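Please look over the sequence and the 3D structure shown below before reading on.

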Amino acid sequence: MTHVEMAQDVVRYADSKEIEKFTVLGHSMGGKTAMTLATIHPERIDGIIVIDIPPKHSKNDKEYKSPTVDLISKLEKYKDLKGMTRAEAIDEINEFFSEEKAFAWLVTQNIGHVKGTRPPKAHWTCDMDAIYNNLENIYDMQLYGKYTKDDVLLVLGGRSYKYSRTTFEDVFPGLKARNVRVIPGAGHWVHAEKPEPTKVAVAEFLQWVDSGK
């Protein structure tokens with residue numbers, strides 16, 4: 001599970017739907033996948049939105065260490081949900097991460113129930129073993145070139161990393177102020193903490209892309 005493999009998954013999906021060019025949006029790990037996709041297949045991209053993630057190693061880079069790293073480490077205790085009902089698993093995880101409600105909400109969206117069980121037994125709808133076995137690849141950020149087009153939007157949380165545009169120059173050279181939107185009061189989980197201004201920023205960018213720029 002590398003960002004290149006996930007980027008290729010996006011391309012294969014687009015091919016299966018006969019979509020030649022598209023706008024890609026990604027938050028956190030998804031943002032790294034979006035940046036990777038834009039640099040290895042720029043001909044397929046007519047816009048890219050990256051939400052609150054720099055092209056840096058999320059664990060080893062001291063300046064840009066992601067707060068999610070510690071949360072994912074704590075979540076490992078729930079990698080196995082055997083013996084828990086879906087309701088019990090959701091309640092326990094929400095309580096355990098009571099100080100990180102946005103993270104807890106995201107995590108619990110991936111808890112399903114085993115069909116035919118009463119009461120419904122919990123199970124992860126994502127492959128938790130694959131995630132934990134590939135954390136180093138997920139935290140990493142390999143650079144495969146630059147994306148030189150100007151159809152870029154960075155949506156950043158005002159309470160998150162202390163970014164500057166130069167942070168992204170290895171991927172997006174020549175960024176201008178209009179390429180960056182800071183959402184006041186939002187942390188890393190920008191779209192969960194401040195959904196309305198995030199939607200406005202994304203919608204305005206998509207309108208600009210659709211207008212032919």
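## The chain as a whole

What percentage of the contacts in the chain with a separation of 6 or more comes from residues 24 or more positions apart? Such residues account for 69% of those contacts, where a contact means heavy atoms within 4.5 Å. The model is a predicted one, in which local features need pLDDT of at least 70 and side-chain atom pairs count only at pLDDT 80 or more, while totals for chains, interfaces and linings use all residues. Residues are numbered from 1 along each chain as its sequence is written, and side-chain values use heavy atoms, with hydrogens and water left out.

The secondary structure of the chain comes to 9 helices and 6 strands; these are DSSP runs numbered from the N terminus, helices being H or I with at least four residues and strands being E with at least two. The radius of gyration is 18 Å, close to the 17 Å that the globule rule gives for 213 residues, so the chain is as compact as a globular protein of that length. Here the radius is taken over C-alpha atoms, and the rule is 2.2 Å times the number of residues to the power 0.38. Along the principal axes, the C-alpha atoms fill a box of roughly 55 × 40 × 30 Å. Of the 213 residues, 44% count as buried, a word that stands for under 20% relative accessible area, whereas exposed stands for over 50% and partly exposed for what lies in between (1.4 Å probe, protein chains only).

Helix α1 (residues 3-16) and helix α2 (residues 29-40) pack at an angle of about 70°, and their axes are 8 Å apart. The axes are lines fitted to C-alpha atoms, for helices over the stretch in contact, and the angles run from 0 to 180 degrees between N-to-C directions. The angle makes α1 roughly perpendicular to α2, since angles of 65 to 115 degrees are given that name, those under 35 are roughly parallel, those over 145 are roughly antiparallel and the rest are oblique.

On the α1 side, the contact is made by His3, Val4, Met6, Ala7, Gln8, Val10 and Val11, and on the α2 side by Met29, Lys32, Thr33, Thr36, Leu37 and Ile40. By class, this contact of α1 with α2 has 8 nonpolar, 4 polar and 1 charged residues. Ala, Val, Leu, Ile, Met, Phe, Trp, Tyr, Cys and Pro count as nonpolar, Asp, Glu, Lys and Arg as charged, and the others, Gly among them, as polar.

## Aromatic rings

The structure holds 6 aromatic pairs. Rings of Phe, Tyr and Trp (its six-membered ring) pair if their centres lie within 6.5 Å, and planes under 30 degrees apart count as stacked, over 60 as edge-to-face and the rest as tilted. The rings of Phe96 and Phe97 have centres 4.9 Å apart and planes at 90°, so this pair is edge-to-face. Phe96 is partly exposed, at a relative accessible area of 38%, whereas Phe97 is buried, at 4%. Ring pairs also link Tyr78, Phe96, Phe97, Phe103 and Trp189 into a cluster.

Phe205 and Trp208 form a tilted pair, with 5.8 Å from centre to centre and 35° between the planes. These two residues are 3 residues apart in helix α9 (residues 195-210), and therefore they are separated by about one helical turn. Phe205 counts as buried at 7% relative accessibility, while Trp208 is partly exposed at 25%.

## Backbone details in the loops

Which two residues does a cis peptide bond join? The bond is between Arg118 and Pro119, with omega about -5°, and Pro119 is found in the loop between β3 (111-113) and β4 (122-124).

Glu18 has a positive phi of about 55° although it is not a glycine; this residue lies in the loop between α1 and β1 (22-27) and counts as exposed at 77% relative accessibility. Asp52, also not a glycine, has a positive phi of about 50°, but it lies in the loop between β2 (45-51) and α3 (68-75) and counts as buried at 0% relative accessibility.

## Two buried loop residues

His188 has its place in the loop between β6 (180-183) and α8 (190-193), and it is buried, with a relative accessible area of 4%. Leaving aside neighbours within four places in sequence, the residues in contact with His188 include His27, Asp52, Ser160 and Glu193.

Asp151 has its place in the loop between α7 (135-139) and β5 (152-157), and it is buried, with a relative accessible area of 1%. Asp151 and Gly47 are 104 residues apart in sequence, yet 4.8 Å apart in space, C-alpha to C-alpha.
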